[in-house]
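Here's a quick briefing to read with the model open in your viewer.

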Amino acid sequence: MLKLNDPTLLETRSFIGGVWENSKNTFDVVNPADGNLVAKVADFGKTGVRKAIDAAYAAQKDWAAYTAKERADILLKWHDLILENQEDMAQILTAEMGKPITEARGEIGYGASFIRWFAEEARRIDGDIIPGHQRDKRILVLKQPIGVVGSITPWNFPNAMIARKVAPALASGCTFVGRPAELTPLSATVMAVLAERAGIPKGVLNIVTGSDAAEMGKELCENTKVQKITFTGSTRVGSILMQQCAGDIKKLSLELGGNAPFIVFDDADIDKAIEGCLISKFRNAGQTCVCANRIYVQSAVYDKFAKKLADAMSDLKIGHGSEDTTKIGPLISKTGLAKVEDHLSDATSKGAKVLTGGKRSDKGELFFEPTVLADVTNDMKITREETFGPIAPLYKFETEDEVIERANDTEFGLACYFYSNDLSRVWKVTEALEYGIVGVNTGLISSTEGPFGGVKQSGLGREGSKYGIDDFLELKYVCMSV
Ligand code: NAP
């Protein structure tokens with residue numbers, strides 16, 4: 001049973017036009033660690049989405065007319081309330097998603113940091129005055145909010161992925177309709193509870209919960225009152241949304257899947273590389289888009305690295321997310337578990353060797369042991385697809401050129417990592433890797449200050465950083481004769 005300091009934060013209704021709405025249908029949210037029911041949540045379909053869009057559309061002009069400081073002050077109040085309620089929000093997150101409570105606390109803090117950052121950015125959405133092209137001409141550039149923003153977010157970071165979108169949207173004067181994943185709606189509704197307490201006006205922020213992702217997504221994409229879609233999730237769904245947005249040439253930001261290479265050169269600090277690998281590979285039980293998915297180790301240090309990594313698995317305590325000492329929680333679902341097992345059996349049937357782990361844990365139905373696999377080759381599924389689970393596949397390589405080619409041999413281009421202490425190699429490899437984010441001698445790259453996003457089939461646009469607000473603004477060129 002979920003015990004909260006403030007039980008009113010567990011909100012099972014949707015927030016539409018500033019009103020908490022019940023639906024006659026509900027869906028169950030269960031804790032993946034034990035299968036227990038966490039809550040029954042209002043199940044809205046396209047009608048709920050349409051109502052929220054209408055409310056957001058009606059509220060947008062007024063919200064945009066607030067001064068930047070007024071919007072920033074409200075966002076900062078929201079930020080403060082989130083931090084005041086960080087523990088309860090983390091408990092809700094862990095209950096519905098399963099991640100270790102220490103990671104959930106971190107995620108709430110990380111999400112709040114975007115709200116603060118974009119509250120600060122709101123006051124720096126500067127336009128431009130450009131020298132005119134004729135003697136009587138003056139050129140001005142205005143930056144204006146794009147309008148109503150529709151957001152679709154996944155279960156693996158159910159707070160931070162919303163925060164990274166809603167903060168720049170609201171800071172720039174857009175209004176927002178968010179549809180959280182069916183598995184993790186409560187981390188979204190709690191944000192709306194606190195947004196209301198912070199004084200965000202009615203209609204500016206809407207959260208619509210529901211089980212029919214396709215129907216709700218289609219309404220968001222095809223409703224002409226929505227000016228922009230921002231999505232985080234798989235490349236497959238990103239492509240569907242792009243097609244649905246083609247009808248009215250809707251703007252899109254897409255944060256999609258990855259297949260991150262993690263490269264260890266023979267001049268690297270091996271202990272530092274192990275530490276980075278543990279963070280990058282096993283955070284959230286391997287269910288992150290920036291997870292190390294393919295670990296390439298140069299032949300001279302391969303055996304040493306493999307042994308150290310396998311030994312380090314014993315420190316990764318598997319358990320219920322609510323326990324403070326847990327490092328590896330459950331996988332999100334049976335489908336997620338089936339994919340992990342499929343990748344493992346495909347790899348071992350083609351010659352990969354299990355160094356440690358390699359099976360379900362006895363902690364519960366969805367728990368899988370952290371696993372290290374050696375002798376992995378290019379023809380295995382684990383090399384081509386995101387595994388989204390706690391398996392670390394190791395590949396041996398000989399030369400720099402070879403590993404760059406192998407690292408880039410994927411349709412994805414989100415994050416990559418490499419370890420080296422050779423300065424000229426660091427430059428050369430950084431420039432050659434076809435990825436939106438490069439971690440050099442670090443396995444932890446997510447930050448509020450850096451532009452997060454991918455190339456190739458990993459997405460369009462950037463989130464966070466001074467660039468993250470651009471996607472929510474339109475430029476207006478004014479040509480004035482004086
Ligand atoms: P997913 O299946 O694409 O789901 C993502 C979101 O889209 C969920 O809210 C889902 O709803 C919804 N959805 C599913 N089908 C839809 C449709 N036809 N129309 C509209 N919405 C639809 O992805 P996932 O497997 O849950 O999440 C993991 C993926 O997200 C991985 O590929 C991961 O790499 C990626 N990801 C990327 C980033 C990034 O920043 N690049 C960050 C985190 C995760 P339901 O869940 O309710 O079905």
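This is a predicted model: local features need pLDDT of at least 70, side-chain atom pairs count only at pLDDT 80 or more; totals for chains, interfaces and linings use all residues.

Two strands count as paired if DSSP finds at least two bridges between them.

**The seven-stranded sheet**

- Seven strands line up as β14-β15-β16-β13-β12-β17-β18 in an open sheet with mixed pairing.
- At the edges you'll find β14 (353–356) and β18 (437–440), each pairing on one side only.
- Ignoring direction, neighbouring strands here are turned by 25 degrees against each other on average.
- β12 and β13 run parallel and are joined by five bridges.
- Getting from β12 to β13, the chain goes through α9, and this β-α-β crossover is right-handed.
- On to β13 and β16: they pair in the parallel sense, over four bridges.
- Y296 has Y395, in β16, as its bridge partner.
- How many of the residues of β13 are buried? Seven of the seven are, so β13 is largely enclosed by the rest of the structure.
- β17 and β18 are also linked by four bridges, in the parallel sense.
- C416 is bridged to V438 in β18.
- As a bit of background, strands of a sheet pair through backbone hydrogen bonds, either parallel or antiparallel.

**The three-stranded sheet**

- A three-stranded open sheet runs in the order β5-β6-β20, with antiparallel pairing.
- Which strands stand at the edges? They are β5 (128–131) and β20 (473–481), and each has a single partner strand, so one side of each is left without a neighbour in the sheet.
- Four bridges hold β5 and β6 (residues 137–145) together in the antiparallel sense.
- One of the residue pairs to click on is I129 with its bridge partner L140, in β6.

**Helix α7**

- Helix α7 spans residues 213–222, and its buried residues are M216, G217, E219, L220 and C221.
- Those buried residues pack against α1 (46–65), β7, β8 (175–179), β10 (226–232) and α8 (235–245).

**Aromatic pairs and a cluster**

- Ring centres within 6.5 Å make a pair, and planes over 60 degrees apart make it edge-to-face. By this rule there are nine aromatic pairs.
- One of them is W155 with F388: the centres are 5.8 Å apart and the planes are at 90 degrees, so this pair is edge-to-face.
- W155 is in the loop between β7 (148–152) and α5 (160–172), while F388 is in the loop between α12 (381–384) and β16 (391–397), so the pair ties together parts that are 233 residues apart in sequence.
- F265 and F418 are another edge-to-face pair, with 6.2 Å between centres and 85 degrees between planes.
- F265 belongs to the loop between β12 (260–264) and α9 (270–282) and F418 to strand β17 (residues 415–419), so this pair ties together parts that are 153 residues apart in sequence.
- F265 is buried at 0% relative accessibility, and F418 is buried at 0% as well.
- F262, Y417 and Y419 make up one aromatic cluster.

**Charges over rings**

- R164 puts its charged end over the ring of F452, 4.1 Å from the centre.
- K228 lies over the face of F472, with 5.1 Å to the ring centre.

**A closer look at N408**

- N408 is part of helix α13.
- What is the relative accessible area of N408? The value is 12%, which means N408 is buried.
- Leaving out residues up to four places away in sequence, N408 touches A432, L433, E434, Y435 and K456.
- N408 and N25 are 383 residues apart along the chain, and their C-alpha atoms are separated by 46 Å.

Methods
Residues are numbered from 1 along each chain as its sequence is written. Side-chain values use heavy atoms; hydrogens and water are left out. Rings of Phe, Tyr and Trp (its six-membered ring) pair if their centres lie within 6.5 Å; planes under 30 degrees apart count as stacked, over 60 as edge-to-face and the rest as tilted. Helices (H or I, at least four residues) and strands (E, at least two) are DSSP runs, numbered from the N terminus. Buried means under 20% relative accessible area, exposed over 50%, partly exposed in between (1.4 Å probe, protein chains only). A charge sits over a ring if NZ of Lys or CZ of Arg is within 6 Å of the ring centre and within 35 degrees of the ring normal. Axes are lines fitted to C-alpha atoms, for helices over the stretch in contact, and angles run from 0 to 180 degrees between N-to-C directions. Contact means heavy atoms within 4.5 Å. A crossover is right-handed if, with the strands pointing away from the viewer, the path from the first strand over the helix to the second runs clockwise.
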